[in-house]
Every structure is written in structure tokens, then in C-alpha cells.
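Subject: Structure handover, salt bridges

Hello,

I am passing on the structure below for your files. My notes on its salt bridges follow; please read them with the structure open.

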Amino acid sequence: MNEEKLRFIDEYRNKELLLKLIKKLKREIDNPIKIMEVCGTHTISISKFGIRRLLKGKVYLTSGPGCPVCVTPNEDIDWIIELCRKFKEKICLTVFGDIMRVPGSNSSLFIEKAKGANIRIVYSPIEAIEIAKKRKDLKIVFFGIGFETTAPSIAISLIEAKKNKLENFYLYSAHKLIPPALDALLSLGEIKLNGFILPGHVSTIIGSNPYRPILKKYGLAGVIAGFEPLDIIQALLILNELIKNKIYDVKIQYSRSVKPEGNEKAKKIMNNVFKECNSIWRGLGEIPNSGLELREEYNDMNAKLHFDINIPPKYENPACKCGEVLRGIIYPYECPLFAKACTPNSPIGPCMVSSEGACAAWYTYEDWKKYKEMMKNE
């Protein structure tokens, strides 16, 4: 079984075929194109396999707002931190591990845990439910972050909590939706793109249809891609064809996982528990209908309604350029803190904290000093 899986992965990383397709892509591109990879997992693959440098001069790849940890704003982190402080003895906060070191305005969950806050890292919301079943003496709060990818599984946990009549389980929902964010990003007019590599995981849930009106509105092409090197190069070949023929539509390269209509069952579960709401994104501000809030039937589990929390005024390090990185208007190395005051061991902004963050990917995998020099000579 494992050998079969490895063989399958090797095929998607076939070096000979990869170099052949890269040559074909470079040969077929008439004018340089600028593409945004929306998803943080794509950013990692592009950096890890050197795709950005191999295509330089023909394809310019810039990262977008597709890392859920990175786009979670200080307001949400500050709220959760204040919850831990105010109800220290009465609650247990459950979180995904990658949010722990993201700094809020004046602290992080990592620091609060060191000070004694009851914070548990979980790998799924169902784990939080199990804790709630065992610890009836505590109020268990789950800090829900993520995109359409994670929202269905969290919705299932809410359904499970209701089914088990748990009265000590609460959700703080900071979930976000990708299509409204892309619309908001493009409406700013800050970045000139030719197209998108669209996220594979999110699209497995929502399908390809929600992107179509946005691409037509701004005259762009989009391809939903898988995450292996050959997936990405094949997606760029399809994108180049769409761009050359001025076809402003979305195509699916990641057809082994994504259908045009998405996953109807997952969408139904998600929509039964959540409804759209306005949401604040780091770097993009408040975007209408870009978040998910619990429906009224779940008000008794809504942490925002149950706990009376006031947060101090927001503070962000003015030198940190995570917002500009998330909007694709600068590369990570152009931030004055990058690889100096801000490193993966001592991160200042969330893009250096999260493994899917653009800054962390560039720091870990890219020969960014060489790339910086190459860009100077453009």
C-alpha cells in the first residue's frame, strides 16, 4: 500500500517529464505572464521544487491570501487571548497548533499558555467534542479558523455536540470564504495579474463554478490545480492557453479531486450550520459575505454571544508587511523585517509563523538573495 502511494507520488514528481514540460511552457509563452497562486500549499510546492526560479523571465508567481492562519486578523486573536485571561479557571480553549505562535496585538496563545492558560492543541474539532464530553466542569471553546476546506468538518462537530446535548461546547468562528476575497483583492486595483492558480482543497468543496463570475468580471483566467510539481506546470500550460486566447474562465486540472459542482454533501452540511457574514481579513480589511457565522439554531454554542469580551485597541508592528505580501504586491524578501528581525524561529508576522505562509516558504526553500539580485537586473 505504501509502496503504491510512493510510486504514485513519484509519477507526479518525474524530473525528466517536469523539465520537458517546463521547456514546452517557456517555448509557448509569447509575453511574460504574472500569476497568483492563491493557496499556501501551492506556495510551498512552488518554492520547494524551485518552480519560481525555473520559470523566471516567463512566468512570475506571486502568493495570495490563501493561508488561513495568515489572514486571521489581530481582532480575532486578541478576542481569544482576552477570553483565556478573563475566564482562566473556567474554560479550556482548543485550537489547531499553527495558530499558537501568531502574535496578536500584545501577546500570543503560546505566551498565554506559558502563563497558565488552559489551551489544548487538537487535530480535529471532534477531539474538542471528546474533551467536552469528559470535562463537564469546564466550558470548552474551539477556535475555528480556515476556509471552505475545514468548515464542513467543524459543522459536523457542532451537529455532534447538539446530538449529544453538550451544554459546555462553544465555537468561535473565524472561518473565511475564498471567492469574495479574490473579488475584494482585484477590486483594489493594486496588482496586475493574468490569472490564478486556484486552490485545490477549497475547490474540492465548492467546485469551480463560484470563480467564474469573478474571472469574467476582471478579465482573468483561472485553473484549479493539484499540489505536485507536474500538477502546477500542467496548470500553467492550461493557463497560458486561456490567456493567449483571451478566455476568461476557469478550468480544472485537479480533476482527480475537484468537480465543477463541488461536494454537494459537504456544502449542505456546511450551509445547515453556518451562514455568510462580513469578515475582517488581515491585509484586506472587512469584506462583505466573506466569513461564516453560526446560524441562529446554534446560538447556544456561539462563543461570541456567550462570553462578554472586550478587547483593547488593535496594534500591529508598522514595519511588518504581511498585508502587502497577502495582497501579492510585494515578495516576502521586500519586507524590511524578512530574515532579519523576522525568521521562523522568531516570527513577527503570521506569514512567517504558518508553514503555509509565503514568508516561511521563501525563507525555508527559496534562494531569495539570488532571486532578489535577479529581479534587480530585470
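Glu 264 and Lys 267 both sit in helix 14 (residues 264-273), 3 residues apart, so about one helical turn separates them. Their side chains form a salt bridge, with an N to O distance of 3.7 Å. Glu 264 is partly exposed, at 48% relative accessibility. Please keep in mind that this is a predicted model.

Elsewhere, salt bridges with shared partners link Glu 75, Arg 282, Lys 314 and Glu 316 into one network.

Helix 13 (residues 229-244) holds another pair, Lys 244 and Glu 241, which are also 3 residues apart and about one helical turn from each other. The closest N and O atoms of this salt bridge are 4.0 Å apart. Lys 244 is partly exposed at 38% relative accessibility, and Glu 241 is partly exposed at 37%.

The N to O distance here is 3.0 Å. Glu 112 has a relative accessible area of 5%, and it counts as buried because the cut-off for that is under 20%. Arg 85, at 35% relative accessibility, is partly exposed.

The count for the model comes to 22 salt bridges.

Regards

Technical notes. Residues are numbered from 1 along each chain as its sequence is written. This is a predicted model: local features need pLDDT of at least 70, side-chain atom pairs count only at pLDDT 80 or more; totals for chains, interfaces and linings use all residues. Side-chain values use heavy atoms; hydrogens and water are left out. Buried means under 20% relative accessible area, exposed over 50%, partly exposed in between (1.4 Å probe, protein chains only). Helices (H or I, at least four residues) and strands (E, at least two) are DSSP runs, numbered from the N terminus.
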